[in-house]
Amino acid sequence: MKFDVVVIGSGPGGYVAAIRCAQLGFRTAIIERYPVLGGTCLNVGCIPSKALLDSSEHFHIAREKFTKHGIDISGLKLNLPQMIKRKGEVVLDNNKGVEFLMKKNKIEVLTGHGSFVNKNTIRVTTADGSTQELEADKVIIATGSKPIVPANFNYDKKRVITSTEALNIEKLPASMLVIGGGVIGLELGSVYARLGTEVHVVEYLDRIIPGMDSDCSRELMKSLKSLGMQFHLRHAVTEVTPSKNKVKVVAQSRDDEAKTMEWNVDYCLVAIGRRPYTDQLGLENVGIKTDAKGRIEVDAHLQTTVPGIYAIGDVIQGAMLAHKAEEEGVFVAETMAGEHPHINYNLIPGVVYTWPEVAGVGYTEEQLKEMGTPYKSGKFPFRALGRARASMDLDGMVKVLAHKETDEILGVHMVGARVADMIAEAVALMEFRASAEDVARMSHAHPTYTEAMKEAALAATGNRPLHL
Ligand code: FAD
Ligand code: NAI
């Protein structure tokens, strides 16, 4: 079979690239090694984790807040197998959605492992070992990533687990230790903490979500501590030993080597980052180069070291985010069609779906300091919002960072209810290079959480918040 474009991998990068290629008139095929489409994001990432985050938050609210709202319930009981089942149904619905989109766009779907025979020939090997070869004018590699698990962490998928297994626990654990205070550790850690598990987080650095603005780290840690999660910062895990029903974890303080901590927990969730996935892809057969971290090297057009072969998403440099992969999928398709697309990487928002949520876009305050950019900052706390009081979601704040002289917004960082959605306003404003004064003069509906954005902008421009 011969195609204009063959896409390897059907995650948000790959399937979106395939759709855009088809829209632009390319005869397109997509290869996926698993029998379901959608990649990490849809099957074991974004979607199932958000399904469990939503379910567990409902349970938590019912237990902790209903009485205060004047709703008396008795006999509240957790049905974890049902929660997991619903999560599976959500995933299945999305799988069907991607399948439909492939059909609608007349994209040929091939199930099997793709690998390069040469620059224009891709072999597809199915689970039963049979093979077929596809001819491709151009190829897009969108093979994604896998969790990093050091060998001495004794990953057994039973007691020592990654996010993939943590999405399928059917009996509520009494205790769980999470290695890594990043996005996965905090999202999945909070799912279990809300349901009643004792959750410990061991983080190597001196703050959680270290890639985000440090005010967000501080605010989120306060909220997660009040949920009962316990944090052990500046600790390095030295031993992870699973037994039949438990796992022993030892961590050493980075400030005093003689100080160690030890836990005997039901599960140890390893969440210390992900690595690009290029296993048995045959990159060496075509001479595609990777960097020291195993990421496929690409130029400004996302073309690899081999002309006509592009790479996108988690398998290349940059944030490992579904929406970043999607933007890159569209970018490559349009580039191949001779268009001149653009991605502003600085304006790709980052979101953590804990409760309160965390969201940020643009530069963090630490980055501005490091770059020596003169800036001003305005902050507004959620607890001063009428809407937050009404919903009992008082934790959080919005911070607007603007250039000291020009007033252009350089970064917006938020912790609070629904900030995952609110960050879109900041992205739009920054795409259009708005100033803090522009936002300060825009009407924001009352009462909404979005008023915090206007108030933070008022605070940044001459310290004039109206409700503080
Ligand atoms: P992937 O989604 O990893 O897809 C790659 C696909 O390629 C896979 O299906 C794989 O089987 C297939 N493949 C690999 N090699 C081959 C081969 N040789 N032949 C054929 N097929 C192959 N991001 C967000 O933006 N928001 C979130 O809320 C979010 N939550 C997450 C939660 C968890 C628990 C995890 C683990 C990740 C989360 N992410 C989230 C990150 C997000 O999932 C990734 O950034 C995104 O999936 C990357 O997309 P991709 O297309 O590059 O690769
Ligand atoms: P991460 O990079 O977000 O966090 C890893 C954390 O582990 C960091 O804080 C790091 O300092 C710490 N760490 C590293 N080695 C350690 C060690 N040996 N001991 C203790 N701590 C250690 O990685 P994570 O959480 O695994 O997520 C992987 C990727 O998936 C992320 O890049 C993220 O972008 C993506 N993702 C995105 C989500 C979202 O957008 N909401 C949700 C979940 C994942």
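Two bridges join strand E8 to strand E15, residues 267-270, and the two strands run parallel. Strands here are DSSP runs of type E with at least two residues, helices are runs of type H or I with at least four, and both are numbered from the N terminus. Two strands are taken to pair if DSSP finds at least two bridges between them. Within this pair, Val160 stands opposite Cys268 of E15.

A word on the basis of what I show: this is a predicted model, in which local features need pLDDT of at least 70 and side-chain atom pairs count only at pLDDT 80 or more, while totals for chains, interfaces and linings use all residues. Residues are numbered from 1 along each chain as its sequence is written, chains are lettered from A and ligands numbered from 1 in the order in which they are written, and side-chain values use heavy atoms, with hydrogens and water left out.

To return to the sheet, E8 and E15 belong to an open, parallel arrangement of five strands in the order E8-E15-E9-E10-E11. Its edges are E8 (160-161) and E11 (230-232), each of which pairs on one side only. Helix H7 packs on this sheet and touches E9 (175-179), E10 (198-202), E11 and E15. Contact here means heavy atoms within 4.5 Å. The direction of H7 makes about 165 degrees with that of E10. Axes are lines fitted to C-alpha atoms, for helices over the stretch in contact, and angles run from 0 to 180 degrees between N-to-C directions.

H7 also leads us to ligand 2. With three residues, helix H7 (183-195) gives the most to the shell around that ligand. The shell holds 20 residues, the closest being Ile184, Glu187, Glu203, Gly273 and Val351; a residue is counted if one of its heavy atoms lies within 4 Å. By class, there are 13 nonpolar, four polar and three charged residues. Nonpolar covers Ala, Val, Leu, Ile, Met, Phe, Trp, Tyr, Cys and Pro, charged covers Asp, Glu, Lys and Arg, and the others, Gly among them, are polar.

Which backbone atoms approach the oxygen atoms of ligand 2? A polar backbone atom of Gly273 is 2.8 Å from a ligand oxygen, and one of Ile184 is 2.9 Å from a ligand oxygen. The protein covers 77% of the 840 Å² of accessible area that ligand 2 has on its own, as computed by the Shrake-Rupley method with a 1.4 Å probe.

Three bridges join E18 to E19, residues 357-362, and in E19 the bridge partner of Val351 is Ala359.

Finally, ligand 1. Of the 39 residues around ligand 1, Glu32, Thr40, Lys50, Gly114 and Ala322 come nearest. The largest share of this shell, four residues, comes from helix H2. Its residues divide into 16 nonpolar, 18 polar and five charged. A polar side-chain atom of Glu32 lies 2.6 Å from an oxygen atom of ligand 1, and a side-chain N or O atom of His113 is 3.2 Å from a nitrogen atom of the ligand. The protein covers 95% of the 990 Å² of accessible area that ligand 1 has on its own.

How values were computed:
Polar contact = N/O pair within 3.5 Å; in protein donor to acceptor, adjacent residues only side chain to side chain.
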